[in-house]
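Hi there,

Here is the structure I promised to pass on. Have a look at it first, and then read my notes below.

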Amino acid sequence: NNNNHLSMDSADIKRLGYAIVDRIAEEYDNPTRRPTFPPEQTVSDMEAAFGGPLPVNGMDPITLLDHILTSVIPNAANSNHPNMMINVLAGSLPLPSLLQALTSAIQLRPTSWKEQPASCYIEKTVVQWLGQMVGYGGSNSAGYITIGGTYANMMGLAMARVHKAGWDIRQEGVSGHRPTLVAYVSDQAHSSIERSA
């Protein structure tokens, strides 16, 4: 079946997995193999590589991997390059890179206690550790680990809005109430604050 590319048997998984692991190892063995930033591209270049009409048929996994290796990765910044000095995309590490494949395969995430008690408790523990690192004592730290600063800012604003509004935001919304909710930030605030507010 030409469209059944999502179905992979154990041999297919191993063949593709070994090819991916080989490429990961190459990235860490020689982090200067790719430039710090990709060559300048135009929208037309990216359209030619990644645009076009909706595909009717899927792409087999090895062809897809080859497309990633030849088209996607060469057009991506190299966060592991020793000359990469930006402060957001820090270099990656081999162990988390490999474990992410495993945790993704089994959908390991702290969704609910019934589904993932281990993940939920690990998150609780890590939050307490982070709290201790910044001076909060014992088990007083509580929180939620987000996928990044943008999402954390959005969640923080949403929680502040619910806490400070003085009415039921979930039921009544934000329009037509007084006083109007305002968020004060400095000119150094992350761009996600303006988008989330």
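Which residues line the second largest pocket? They are Met-154, Leu-157, Ala-158, Ala-160, Arg-161, Lys-164, Val-174, Leu-181, Val-182, Ala-183, Ser-196 and Ala-197.

A quick word on the model before the rest. It is predicted, so local features need pLDDT of at least 70 and side-chain atom pairs count only at pLDDT 80 or more, while totals for chains, interfaces and linings use all residues. Residues are numbered from 1 along each chain as its sequence is written, and side-chain values use heavy atoms, with hydrogens and water left out.

Pockets

A pocket here is an open set of points on a 1 Å grid over the protein atoms alone, where a 1.4 Å probe fits and protein lies on both sides within 12 Å along at least five of seven lines; lining residues have an atom within 4 Å of a point. Volume is the space filled by probe spheres set on the points, which are joined across faces, edges and corners.

The second largest pocket has about 300 Å³. Helix α6 (residues 149-164) gives the most to its lining, with six residues (helices are DSSP runs of H or I, at least four residues, numbered from the N terminus).

The largest pocket holds about 1,400 Å³. It is lined by 43 residues, and those closest to its centre are Pro-96, Ser-97, Leu-98, Gln-100 and Ala-101. Two or more lining residues come from each of α1, α3 (61-72), α4 (94-105) and α5 (117-133), and α4 has the largest share, with 11 residues.

Salt bridges

There are five of these in the structure (a side-chain nitrogen of Lys or Arg within 4 Å of a carboxyl oxygen of Asp or Glu). Asp-12 and Arg-15 form one of them, at 3.5 Å from N to O. They sit three residues apart in helix α1 (residues 10-29), so about one helical turn separates them. Asp-12 is partly exposed, at 26% relative accessible area (buried is under 20%, exposed over 50%, partly exposed in between, with a 1.4 Å probe and protein chains only).

Glu-27 and Arg-23 pair at 2.9 Å, four residues apart in helix α1. Both are buried: Glu-27 has 12% and Arg-23 has 14%.

Glu-26 meets Arg-33 at 3.6 Å. Here Glu-26 is partly exposed at 35%, and so is Arg-33 at 39%. Through shared partners, salt bridges join Arg-23, Glu-26, Glu-27, Arg-33 and Arg-34 into one network.

Cheers
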